[in-house]
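Dear colleague,

Please find the structure below, together with its sequence.

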Amino acid sequence: FDFSFAPSLLFYSYIPIVLIALFFGFFVLYRDHSSLRSKLLFALSICFFLLIINEIIQWIAVYASVVQLGWQLIALFRISVVLLSMYFAYVFIYKKDLPFGQKVFLSAVYLSVLVFLPSTINVTEFDLTNCEGNPGILNNIVHGLGLISVLWISILAINKYRQKNLDKSEKKQILFISLATCLFLIIFFVSNAFADLTTIYDIGLLGPIGMIVFLGFLTYMIVRL
């Protein structure tokens, strides 16, 4: 590894955030290990951790083969974050497990991304001179799914919020949870999509910032409610 290649913001942004994400994930699981939403938050934290570690390795790895592998894995980690966020939002808002049909659909999306990882649909080519990959259409699809997930979560929250049998406390939970999840996804995927389009990858360093607000607020909600 060569740390001289990495921007200073990488160490001030990524490393503290990923450590906090892991702490929240383990803390919530420890306090409420039997709850499905706690397990989903823990899984989301692990996927986020792997995604960030993968991106850090892309900055500091010396061997081109390692960097190339990291580029090929980006789509897999990002779609994992999207799907787990959707799953978690549904469980938290509706207080029940996701219907079987929707689980099958999310699994099909995940497997589809997995199948195309080693193809040019994922990474069209790898530039040995600059030691970076050229994102293919699969990355655009994943970014699009990230934004679609925001719409899906918003619709879930609105439908639940309009139910007449909810008290003010439940409505506040729905409002804050949906906003926290959507804010995280928007910040994360807009920054990464812009970085891929402009090839100014330093912009992507801003993506994980939304995770702090997301995990901190959700941890408080899960432990206290």
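Predicted model: local features only at pLDDT ≥ 70, side-chain atom pairs only at ≥ 80, totals over all residues.

Is Tyr-87 buried or exposed? Its relative accessibility is 16%, and because buried means under 20%, Tyr-87 counts as buried. The C-alpha atom of Tyr-87 is 8.8 Å from that of Leu-106, a residue 19 positions away along the chain.

Turning to the chain as a whole, you will find seven helices and two strands, and their order along the sequence is α-α-α-α-β-β-α-α-α. The protein chain has 225 residues, of which 47% count as buried, while its accessible surface comes to about 11,500 Å², with 69% of that belonging to carbon and sulfur atoms. Among the contacts with a separation of 6 or more, 73% are between residues 24 or more positions apart.

The strands deserve a look of their own. Strand 1 (residues 123-127) and strand 2 (residues 132-135) run antiparallel and are joined by four bridges, and Asp-127 has Glu-132, in strand 2, as its bridge partner. Which residue takes a positive phi in the hairpin of strand 1 and strand 2? That residue is Cys-131, with a phi near 55°, in a hairpin that has four residues between the strands.

Notes. Residues numbered from 1 in each chain as written. Heavy atoms only, no water. Buried < 20%, exposed > 50% of the residue type's maximum accessible area, 1.4 Å probe, protein only. Contact = heavy atoms within 4.5 Å. Areas by Shrake-Rupley, 256 points an atom, 1.4 Å probe, with all protein chains shown as cover. Pairing = 2+ DSSP bridges.
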